[in-house]
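Me: I have a model open and want to know what stands behind the terms used for it. Please set each value against its definition.

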Amino acid sequence: MSPLGVGTDIGGSIRTPAAFCGIAGLKPTLDRLPMKGYRTVLAGQETVRGMGGPMARSAADLGLFFRGLDPARLAALDPRVPPLPWQQPSDVRLDGLRVGVYVDDGVLAASHAVVRGVERAADALRARGMTVQPFTPPDVRSMLSSYLGGLSADGGAGLVAALAGGEVDAVLEPLRRMAAVPAAARRMLARAAHALRQDNLALMLDAMGDKSVAELWRLTDRLRTYRTTLVEAMERGGVEVLLCPVFATPAMPHGGSKNFTLASSYSILFNATQLPAGVVPVTRVRPDETRRSRAADLLVRQAARIDAASEGLPVGVQVVGRAWRDHEVLAVMEAIEAEVKRDEGYPATPVEPCASAR
């Protein structure tokens, strides 16, 4: 409904809605843009910091946003922002660029349509002269545990305070209830979930809850160490850019995000590691892509219900780069866009209203 918007992203909140709506979005390298004037429920929380960034109809429009900003002025507004000049995506040499691709991070396997979207994007990059090879991100479940542990280290006090005195959305109610569960009871529930082979539920229960200052410092250290581990894995694999899902499924029906936090793991990974990550639309869900294999795991069962209602919805893919190489991320996004926009089913915007709505 607009040519440009600016959002914030601490767990995918730019990239996931962009993918769900068939538009482009970019979470820049941490501290690329000033955060002066932003407000957050967890003011002062530094273990995982959010970042502002643009959303638009195309990757080219995202580049226009950055070209319109004065780096010196950005640095003056926020001393954390380095006065780096913006490099042009058009100056990036794509021929021979090595891209690592994956469609399963070991938390929740991506939907069939999402996998096809990533594979189509990989083909688009090959057509532009890039080398695409498999990549496996190291131990994402461990990273996710540290991320959730850090953001819940106050025992949910910030969330409870923010929700006090008003009606609580049904999607947020489980988080509020979990925050109120005593640590001993939560550990007992986690053991029961493990025994019932509900490993994803157990991960949530194990990770969340109030922490001592020493525990919070350990979690913060683990996340910083994980960032180095991921970059070293990219170095060993010889890849400069990653291509992967944004979210485990296409857009959810209203209320479908309840108890579905772990499906964001594909985006959360790059909040934890503070790398630039963008989303570009590729395709739409086909009628034969709405089924998922049934399983006992509650998260998989919920994903199956979401997939069943996903026909026709947009599918985007995520492009991730090294720190401060935001322009390379945009260059790769533009290359994907140029190849797939002629495809049948490409989610073009703006969407013309149907005759009955005029």
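Me: What makes up the cover over the buried residues of H4?
Reply: The cover includes strands E4 (98-101), E5 (131-134), E6 (241-244) and E7 (277-284), together with E8 and helix H13 (326-340). Contact here means heavy atoms within 4.5 Å. Helices (H or I, at least four residues) and strands (E, at least two) are DSSP runs, numbered from the N terminus. The model is predicted: local features need pLDDT of at least 70 and side-chain atom pairs count only at pLDDT 80 or more, while totals for chains, interfaces and linings use all residues. Residues are numbered from 1 along each chain as its sequence is written, and side-chain values use heavy atoms, with hydrogens and water left out.

Me: Which residues of H4 are called buried?
Reply: Buried means under 20% relative accessible area, exposed over 50%, partly exposed in between (1.4 Å probe, protein chains only). In H4 the buried residues are Ala-113, Val-114, Val-115, Arg-116, Gly-117, Val-118, Ala-121, Ala-122, Ala-124 and Leu-125. Of the 358 residues of the protein, 51% count as buried.

Me: Why does the length of H4 agree with its number of residues?
Reply: The expected span of a helix is 1.5 Å times one less than its number of residues. The 16 residues of H4 (112-127) should therefore span 22 Å, and the end C-alpha atoms are 23 Å apart, which agrees.

Me: What makes something count as a cavity, and how many are there?
Reply: On a 1 Å grid over the protein atoms alone, a cavity is a set of points where a 1.4 Å probe fits but cannot get out; lining residues have an atom within 4 Å of a point. Grid points are joined across faces, edges and corners, and a volume is the space filled by probe spheres set on the points. By this rule there are 3 cavities of 30 Å³ or more.

Me: What classes of residue line the second largest cavity?
Reply: Ala, Val, Leu, Ile, Met, Phe, Trp, Tyr, Cys and Pro count as nonpolar, Asp, Glu, Lys and Arg as charged, and the others, Gly among them, as polar. This lining has 8 nonpolar, 2 polar and no charged residues. Val-114 is one of the lining residues, and E8 gives the largest share, 3 residues.

Me: Why does the radius of gyration agree with a compact globule?
Reply: The radius is taken over C-alpha atoms, and the globule rule is 2.2 Å times the number of residues to the power 0.38. With 358 residues the rule gives a value near 21 Å; the protein has 20 Å, so the two agree.

Key: On a 1 Å grid over the protein atoms alone, a cavity is a set of points where a 1.4 Å probe fits but cannot get out, and a pocket is an open set with protein on both sides within 12 Å along at least five of seven lines; lining residues have an atom within 4 Å of a point.
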